[in-house]
Amino acid sequence: MSSTSQKHKEFVAEPMGEKLVNALAGIGEVLGKRLEEKGFDKAYVVLGQFLVLKKDEELFRDWLKDTCGANVKQQGDCYGCLREWCDSFLLFQFVLCQRKTYQHGPFI
Amino acid sequence: MAALRNKSDQEIKDLLNEYGIKHGPLVDTTRPLYEKKLKEAMAKAKVPVTKPSPDRTFYREDQEEVTYVTYQTPVRSEGPSGDGKPYMRSRPEYSERDRVDDKPYSRSRPEYSERDRVDDKPYSRSRPEYSERDRVDDKLYSRSRPEYSSGRPYVDEPHVYNTLSSSSYSKPTPVVKSGGGVVKKENTTSSGRLIPLWIQFLVFLILAGFLYFIFTNMESAESSPFNRIQ
C-alpha cells in the first residue's frame with residue numbers, strides 16, 4: 001500500500017477514546033459533517049459500524065460511500081486506518097477492561 | 001421484487017445468503033446497505049452476464065503475435081480495489097504495442113518485466129515472458145519500480161519470482177533492442193529501474209575509489225607523537 005498520511009499515523013498510534021469522527025484518516029470536514037448528521041458523531045461509532053460489518057473491506061467501503069459519499073481514496077484511507085487501529089488496540093482494550101476489575105488488589 | 005423495506009430481518013438475511021452476499025448482523029445502520037446490495041443483486045440476476053469483465057483493458061496491437069489471457073484474482077484484503085483484477089500477460093514482442101489505458105501512469109515500456117501476482121495459477125515463471133499486471137488502482141505509484149513498490153504487501157512467494165524474472169529479463173532485452181522494434185521510451189531502462197544498473201555500479205565504484213583515495217592520503221599515524229626537538 002502507499003505511504004500512510006500523518007492523520008493515519010496519529011490515529012493508529014493511540015486508543016481513540018473520544019476522538020471525533022474527523023480524526024479518522026480520509027474523513028475531512030465535509031464527510032465528517034455528513035457522518036455526524038447521520039448519527040456517527042464520534043470515531044468509536046464508526047468503529048462500531050466497522051465491526052458490525054465484520055471488518056470486511058468491501059462492505060465497509062460501500063457503507064461509507066452510501067452514508068457520506070466518500071470517494072475511493074477516502075474509503076481506502078478510512079478502512080486502512082480503522083483496520084490498523086483494530087489490529088493494534090482491539091484486543092488490548094478488551095484486556096484493559098478486564099484488568100480494571102483487579103484495581104483494588106488481589107487480597108480483598 | 002419490491003418492498004424490501006417491509007421484509008423482516010430474517011427474510012433479508014435469507015435473501016442475502018441466497019445471493020451469496022457476505023454480510024454481518026442486520027442492524028438498523030446496516031440494513032439500508034444490505035437492501036441496496038440485494039437490489040443490485042436482483043437486477044444483475046435478471047441480466048445474464050455474458051460479456052467479459054468490465055475491468056479488462058484493451059490492447060491496441062500492431063503485431064499479430066501478441067497473446068494475452070485475462071483472469072480474475074481472488075479478492076485481496078490489502079488491495080484497495082474491489083474484486084476482479086484482470087491480469088495481462090504478453091510475449092516479448094510487446095514492445096510495439098501501445099496500450100490504451102485509463103490509468104494515470106505511463107505503461108508503454110518495452111522491456112518491461114513485471115511480477116505475476118497470481119500465485120496459484122499454473123503459469124511458469126521461468127520463461128522469460130513478460131507478464132503485465134493491470135491493477136485497478138486509484139493510487140498513483142511509480143511504474144518504474146514494480147518489483148519494489150508493490151512487492152511489499154505480498155507474501156514471500158513473489159520474492160522467488162522476482163529473482164527469476166530479474167535474472168531472465170536481461171537476456172531477451174538485447175534481442176528486443178537489436179530487433180529494431182519501435183521502442184517508445186528507450187531512456188527508461190530495461191530492468192524497470194529508475195537509474196540503470198551500470199550507472200549505479202559506476203557511482204559505487206567512484207565513491208569507493210574516492211574514499212580509498214582519501215584513506216590512503218591521510219597522514220600516517222606511524223610516527224611517534226612525541227617528536228624530539230632537535
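**Figure 1. A:Thr67 touches A:Leu35, A:Lys38 and A:Phe40, residues up to four places away in sequence not being counted.** Contact here means heavy atoms within 4.5 Å. The structure is a predicted model, in which local features need pLDDT of at least 70 and side-chain atom pairs count only at pLDDT 80 or more, while totals for chains, interfaces and linings use all residues. Residues are numbered from 1 along each chain as its sequence is written, chains are lettered from A and ligands numbered from 1 in the order in which they are written, and side-chain values use heavy atoms, with hydrogens and water left out. A:Thr67 belongs to helix H4 (residues 57–68) of chain A; helices (H or I, at least four residues) and strands (E, at least two) are DSSP runs numbered from the N terminus. A:Thr67 counts as buried because its relative accessibility is 11%. Buried means under 20% relative accessible area, exposed over 50% and partly exposed in between, with a 1.4 Å probe and protein chains only. The side chain of A:Thr67 also reaches the backbone oxygen of A:Trp63, at 2.6 Å.

**Figure 2. A:Phe40 and A:Trp63 face each other as an aromatic pair.** In the whole structure, a search over all chains finds five aromatic pairs. In this one, the ring centres are 4.9 Å apart and the planes stand at 70°, so the pair is edge-to-face. The pair links distant parts of the chain, 23 residues apart: A:Phe40 sits in the loop between helix H2 (29–37) and helix H3 (43–52) of chain A, and A:Trp63 in helix H4 of chain A. Rings of Phe, Tyr and Trp (its six-membered ring) pair if their centres lie within 6.5 Å; planes under 30 degrees apart count as stacked, over 60 as edge-to-face and the rest as tilted. Both partners are buried, A:Phe40 at 6% relative accessibility and A:Trp63 with a relative accessible area of 3%.

**Figure 3. A:Trp85 and A:Phe89 form a tilted aromatic pair.** Their rings are 5.3 Å apart from centre to centre, with 40° between the planes. Both residues lie in helix H5 (residues 72–100) of chain A, four residues apart, which is about one turn of the helix. A:Phe89 counts as buried because its relative accessibility is 11%. Apart from residues up to four places away in sequence, A:Phe89 touches A:Val12, A:Ala13, A:Glu14 and A:Pro15. The C-alpha atoms of A:Phe89 and A:Val12 are separated by 8.5 Å, although these residues are 77 residues apart along the chain.

**Figure 4. A:Trp63 has contacts in both chain A and chain B.** Leaving aside neighbours within four places in sequence, A:Trp63 is in contact with A:Leu35, A:Phe40, A:Val46, A:Gln49, A:Leu53, B:Thr29 and B:Leu33. A:Trp63 also forms one aromatic cluster with A:Phe40, A:Phe50, A:Phe60 and A:Tyr79.

**Figure 5. The largest nonpolar core has 39 residues.** A nonpolar core is a set of buried Ala, Val, Leu, Ile, Met, Phe, Trp, Tyr and Cys residues joined through side-chain atoms within 4.5 Å. The residues with the most contacts inside this core are A:Leu24, A:Phe60, A:Trp63 and A:Leu82. Two or more residues come from each of helix H1 (6–12), H2, H3, H4 and H5 of chain A, and from each of helix H1 (9–18) and helix H2 (31–46) of chain B. H5(A) gives the most, with seven residues.

Key
A polar contact is a pair of N or O atoms within 3.5 Å; within protein, one must be able to donate a hydrogen and the other to accept it, and residues adjacent in sequence count only if both atoms are side-chain atoms.
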